Amino acid sequence: MPPPPPSKRAKLAELPSNDGELPSSDGESNSDSSRSDGDSSSSDGDDASQEMETVQADFAFFDPKPSDFHGVRLLLKTYLDSKPWDLTGFVDLILEQTTVGTVVKMAEDEEDGEEGEANGGDDDDLFGLITVLNLGRYGENRCIKDLKDYLFGVCGDKDTKKKLKALLEEKASTVGLLVCQRFVNFPYEMVPKMYDSLFDEVSWATEDEPTQELQDSFRFKQYLLVVRIFERKTPPKQKSKSNKDYDEPVIYSKLEDEIFRELSLWSFTFPIRAEQSAQQELKNYREMGLVMCVKAEAIPKFHKKLEALVSE
């Protein structure tokens with residue numbers, strides 16, 4: 001028998017404290033930062049140029065639960081562009097699958113006690129989500145049907161559409177829809193931990209689910225991802241030295257998506273019809289959807305590349 005999987009709370013002990021810094025919503029910094037700012041008028045250039053006060057923040061991993069509904073729905077609000085679809089049903093599926101899937105929130109303060117830890121905090125402080133749903137197991141759900149219809153509609157290449165059709169129909173029982181959404185101020189150092197958590201749970205589920213049918217539903221052969229990227233509208237007239245990231249032909253909203261694309265069997269892009277970003281730095285870019293198919297056997301290579309990218 002395999003050893004029992006550690007709980008999400010056990011995983012919390014492995015997370016480094018103060019994983020990231022978040023902008024302070026009230027303009028105040030913690031007391032230690034305030035003292036250090038006032039000790040000397042000769043602070044280094046980095047501190048002097050910092051325009052926004054920051055506060056230290058700890059994050060924690062939790063199983064999804066019903067009270068996370070609004071937080072998860074907010075993260076997935078633009079998952080399928082502006083097309084009306086059964087988003088509520090999609091969120092419900094994610095929350096009902098507690099054995100595989102994680103939500104990331106602000107860690108509970110110690111004074112909140114064990115009761116606060118068990119509850120997993122408020123859904124309002126939800127910063128990230130990762131899960132994978134079997135497209136065959138949930139194929140009759142309206143939200144998955146809506147998803148399939150949407151993808152067929154935005155796939156313009158005839159040969160790619162054949163591959164997509166096979167993936168969503170004949171091979172659906174071995175295909176996992178991999179969903180990872182998080183807010184922009186989520187610390188990128190924690191991204192590998194999110195994927196470690198997910199793929200560990202997938203592995204455990206193939207042994208620990210109560211029925212053979214459920215165990216088999218997590219034996220994925222391929223993963224399907226639907227993400228966002230930014231493509232440059234026209235080549236830059238002159239290479240910018242200060243903002244070289246904004247001269248790239250493609251900007252990935254999530255750093256790991258570039259790795260997934262590199263490892264994918266096939267992929268395609270499509271235009272996003274919702275209102276485009278108003279950020280000045282992205283004025284020369286258009287937001288695009290990116291659909292990718294990645295073999296499950298490529299995940300170990302993905303892990304290595306992601307760790308290397310984050311440690312750069």
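Colleague: What makes one face of strand β9 (residues 266-271) the covered one?

Modeller: In this predicted model, W266, F268 and F270 form the covered face of β9, while S267, T269 and P271 form the uncovered one. In a regular strand, side chains alternate between the two faces of the sheet.

Colleague: How do you know that β9 and β10 (residues 285-295) are joined?

Modeller: Two strands count as paired when at least two bridges are found between them. Six bridges join β9 to β10, so the pair meets that requirement, and the two strands run antiparallel. Within β10, C293 is the bridge partner of W266.

Colleague: Why is S311 called exposed?

Modeller: The cut-off for exposed is over 50% relative accessible area. S311 has 59% relative accessibility, and therefore counts as exposed. S311 is found in the segment after α12 (299-310).

Colleague: What makes the pairing of S311 with E307 a polar contact?

Modeller: The limit for such a contact is 3.5 Å between N or O atoms. A polar atom of the S311 side chain lies 3.0 Å from the backbone oxygen of E307, so the distance is within that limit. S311 and E189 are 122 residues apart in sequence, with their C-alpha atoms 8.1 Å apart in space.

Colleague: Why is helix α5 (residues 87-96) described as mostly covered?

Modeller: Buried means under 20% relative accessible area, and seven of the ten residues of α5 are buried, which is why the helix is called mostly covered. The buried residues are L87, G89, F90, V91, L93, I94 and L95. Among the elements that cover them are α4, β5 (126-134), α7 (142-154) and β6.

Colleague: Which residues have the most contacts inside the largest nonpolar core?

Modeller: That core has 43 residues, and those with the most contacts inside it are L76, Y79, F90, L135, L151, L177 and L224. Leaving out residues up to four places away in sequence, L135 touches I144, L147, K148, L168, A172, V175, L177 and L224. Apart from this core lies another, of 38 residues, including F59, M194, L225 and A296. In soluble globular proteins, nonpolar side chains tend to be buried together.

Colleague: What lines the largest pocket, and how much space lies in it?

Modeller: About 1,600 Å³ of space lies in the largest pocket. Its lining has 42 residues, of which V184, F230, Y252, S253 and K254 lie nearest the centre. Elements that give two or more residues to this lining are α4 (69-75), β6 (175-182), β7 (222-232), β8 (250-252), α11 (255-263) and α12.

Notes. Residues numbered from 1 in each chain as written. Predicted model: local features only at pLDDT ≥ 70, side-chain atom pairs only at ≥ 80, totals over all residues. Heavy atoms only, no water. Buried < 20%, exposed > 50% of the residue type's maximum accessible area, 1.4 Å probe, protein only. Helix = DSSP H or I, 4+ residues; strand = E, 2+ residues; numbered from the N terminus. Polar contact = N/O pair within 3.5 Å; in protein donor to acceptor, adjacent residues only side chain to side chain. Core = buried A, V, L, I, M, F, W, Y, C linked by side-chain atoms within 4.5 Å. Contact = heavy atoms within 4.5 Å. 1 Å grid on protein atoms, 1.4 Å probe; cavity = no way out; pocket = protein on both sides within 12 Å on 5 of 7 lines; lining within 4 Å. Points joined across faces, edges and corners; volume = space filled by probe spheres on them.
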